[in-house]
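This briefing concerns the nonpolar and aromatic features of one protein model. The points below are grouped by topic.

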Amino acid sequence: MKYFTTNQLRQMFLDFFASKDHLVVPSASLIPQDDPSVLLTPAGMAPLKKYFTGAVIPPNRRMASSQKCIRINDLDNVGRTARHLTFFEMLGNFSFADYFKRESLAWGMEFLTDWLEMPREKLWATVYLEDDEAYDIWEKELHMPTDRIVRLGKEHNFWEHGLGPCGPCSEVYIDRGEAYGCGEPDCRPGCDCDRYMEFWNHVFTQFNREADGSYTPLENKNIDTGMGLERLAVIVQQVDNVFETDTMSGIIQSIERLTGSHYGQDVEADRYIRIITDHIRSITFLIGDGVIPSNEGRGYILRKLIRRASLQMRNLGAKQPMLDQLAQTVMDIYGEGYPLIVERAEVIRSMIRLEEDKFHQTLRKGLQYLEEILSKLDGDVLSGEQAFRLYDTYGFPLELTEDLLGDRGKTVDVEGFQVQMEIQRETARASQAGDSAWAGDIESLLHEVAVTEFCGYDDTTVSTTVLAIAKDGQLVERATAGDELVVVLARTPFYATGGGQVHDSGRIIADDMVFEIKRVEKKQAHEYHFGRLLSGEMTTGQTVTAEVDQTLRRMTQANHSATHLLHRALNSVLGDSAQQAGSMVDPDRLRFDFNYFQALTPQELLQIEEQVNQAIQAAEPVRWRILPVEQARETGAKMLFSEKYGDEVRVITMGDSSELCGGTHVANTSEIGLFKIISERSIASGVRRIEALTGVKALAYLNQYERQVREAARLLKTDPEGVLGRLEGLIKDRDEQRKEIGRLKDQLSRDKMKSVAHEFVDQSGIHVYALSFEGLSQDELKTMADTIQAEDPQAFCLLISNLGDKLALVASSSEKAQSAGYKAGRIISAVAKQLGGGGGGRDNFASAGARDVESLPTFMETIQEFVQSLI
């Protein structure tokens, strides 16, 4: 069999089906764009589901792809076996009501035997028990010997998922030889041993499963095939398992280089290496597709994978975070097939480095706590409460705690942990309850009510009709003054909260009726206007006027347009790695979150601010157009990874900025007026936030600053231009005075110590200085102790200072005193406890604090006996 690299196999597959008139599409993102039922893309056909269901017409009836996929349902088995993976690539060819079984199977064999030169005598086929059509194609047209065609039942060769489209499938196997077999005489495809490896599944979607369990033929039949690239590489490269293929072995070599480990020499080390090798691929591609580590959803999956991989690196002896270096190896290996990870290399490595650094800090603290509780553990089960504290305080996922304990032969009370988690969830729910409970669930009541038409892009005041009124969760025909209501209109100019923009405010009026709108929400086909009826009566079918508060709308849309200009400026100054991670705009301010891994410098912030204001002053017209989503993508318009877009999207363009956006905007950038950044900070690992003001709010902010500068100038007895110089002079004078005060205090301490004799000498010849003072800080006590130690190599010092409302304690012990049993940390801990405090430290130096000021004089009378009792 001829050898091909994994990258070659991927490209050959796509080239082959391109020659069969298939549209080759790039891998979709691991973040599903059209399927909220899954967190991550789990299969090659998942991004194409909309074409199979008929919801969207495909761009071509024949398509092919190499799709990156992630599944975590077998996470615990990754590393324990050489088969389980979280990340894999699925090669697939698809037909949407075009070709069917004959072409799919024939082309499959052509690719395997002609292009890859697989020996025909080693290939086997399975078909569904009742699929005579597929059986005949294999036997009569593809000339597969009947003893290598196996009929199997539904559990093996029939694809269905609940009701809807389904059908039989035919799988291609390769015989790997008797060495991989079980030795049973009836061993063949379907056996649980490793001799026969399934690697290409052809699904024939030809039936519709009905509610009564029957199957009716589909008018339009489809083909959905899937071949795991990693398995194909195992076969072609003639290795035992996926971890010995060229791509995987390249990562393993990097792990060996970084840790000094050697794959294949130790069972446990091999498990660690397999986990790292698999996880670093998932980590790299997840971040490349825009996933950010967090404590929920796909971000939690990423965080879990980083922590698991980092922990295994630690188990292999890595002392420092190194996963970002392994990610570079992944990019070097996979960049040919997936150039996006190369383009985002800086983001990927920086985010991994930041997350792993944080985990190492957490791990050190958490491991200390774990050691403490394990030393006191009675039995082999860690309580759910203790496991939850590791999760809640130290960020240890339950799986990590289980792994750590499993290595020691111990387990976790998982049920008790889940109880604690549910208590936390209930607390969170209770804090959020009641926000809109009065509105009730009215969407289900509106199935016969017409769809709301939004006309707010062009109009802010419209004549419309009241379609429905809800009060206390029930539809009503009439409402009176004072009622809290939810109103549905036929046409509305009010923008509903969405896309980072808050809702419009305003009124619905008619004659003496006035309804004040507090918020607007959109759900499915309707917009809900929440508010209070201030006067008059409202009835369904009533003709009313809907008026948006134009002042607030103008301020909101100025802030929204400013976020687009800010995004463009961020990319200009920081590079394209500064990708939007979220935003919020309201009439008062704007907030923009973006991926970046360090605080912005004052110079960078100034550049960004200047670029935005230059775009405002350029008075660029703001244009919008509706485009098919693929065409919009081709224009280079910015799209958010986290957003799910329909078939058509709204593209907003202003100058060099072009983004997909459904919000409201100014007509010209000059309407924004002024842009001022007021803060920049970190809000999560690798995510930073800029807050800014525009227009009159920005002017008011600057005016307030000017007033403060003028008041500061008055107090400093200078003019505004001289404030900075005056402050610099004052700070310099203050620093010099502090230095002089410190010098005098040090001299005073030394002079005082020259007149102090040791309190007593013990039987070992140790000079014990047990002294109390008034008003000396802990630093000053330390200086005294250092002075004594420098003058007396046989000294043990216990110094206590009365600070009025508390006590400061310092102990220091020379090497001779330590040898005689004077351990500073142990002694000061006992002394502090006597005085109502606590503290500790090392054998040579320790410090503490205490509160029982009144007991100090009495304690000092017996201090010699107390210290001696501790030796």
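**Aromatic and nonpolar features**

Ring pairs join Phe-13, Phe-16, Phe-17, Phe-111, Trp-115 and Trp-200 into a cluster. The model is predicted, and 32 aromatic pairs are found in it.

**An aromatic pair and its neighbour**

- Phe-454 and Tyr-457 form an edge-to-face pair, with 5.1 Å from centre to centre and 85 degrees between the planes.
- Phe-454 counts as partly exposed, at 25% relative accessibility, and Tyr-457 is likewise partly exposed, at 33%.
- Tyr-457 also pairs with Trp-624; the ring centres are 6.0 Å apart and the planes lie at 40 degrees, so this pair is tilted.
- Because Tyr-457 lies in the loop between strand E12 (453–454) and strand E13 (461–471), and Trp-624 in strand E25 (residues 622–628), the pair ties together parts that are 167 residues apart in sequence.
- Trp-624 has a relative accessible area of 43% and is partly exposed.

**Nonpolar core**

- The largest nonpolar core has 96 residues, of which Leu-116, Met-118, Trp-138 and Phe-199 touch the most other members.
- Helix H8 (residues 267–288) supplies the largest share of this core, nine residues.
- Leaving aside residues up to four places away in sequence, the contacts of Phe-199 include Leu-112, Met-118, Leu-123, Val-172, Tyr-173, Ile-174, Met-227 and Ile-235.

**Nonpolar surface patch**

- Leu-727, Leu-730 and Ile-731 make a nonpolar surface patch of about 220 Å².
- Leu-727 belongs to helix H20 (residues 723–754) and is partly exposed, with a relative accessible area of 37%.

Conventions. Residues numbered from 1 in each chain as written. Predicted model: local features only at pLDDT ≥ 70, side-chain atom pairs only at ≥ 80, totals over all residues. Heavy atoms only, no water. Core = buried A, V, L, I, M, F, W, Y, C linked by side-chain atoms within 4.5 Å. Buried < 20%, exposed > 50% of the residue type's maximum accessible area, 1.4 Å probe, protein only. Helix = DSSP H or I, 4+ residues; strand = E, 2+ residues; numbered from the N terminus. Contact = heavy atoms within 4.5 Å. Patch = residues over 30% accessible without salt bridge, like charges linked within 9 Å, V, L, I, M, F, W, Y side chains within 5 Å. Areas by Shrake-Rupley, 256 points an atom, 1.4 Å probe, with all protein chains shown as cover. Salt bridge = Lys/Arg side-chain N within 4 Å of Asp/Glu carboxyl O. Phe/Tyr/Trp six-rings, centres within 6.5 Å; stacked < 30°, edge-to-face > 60°.
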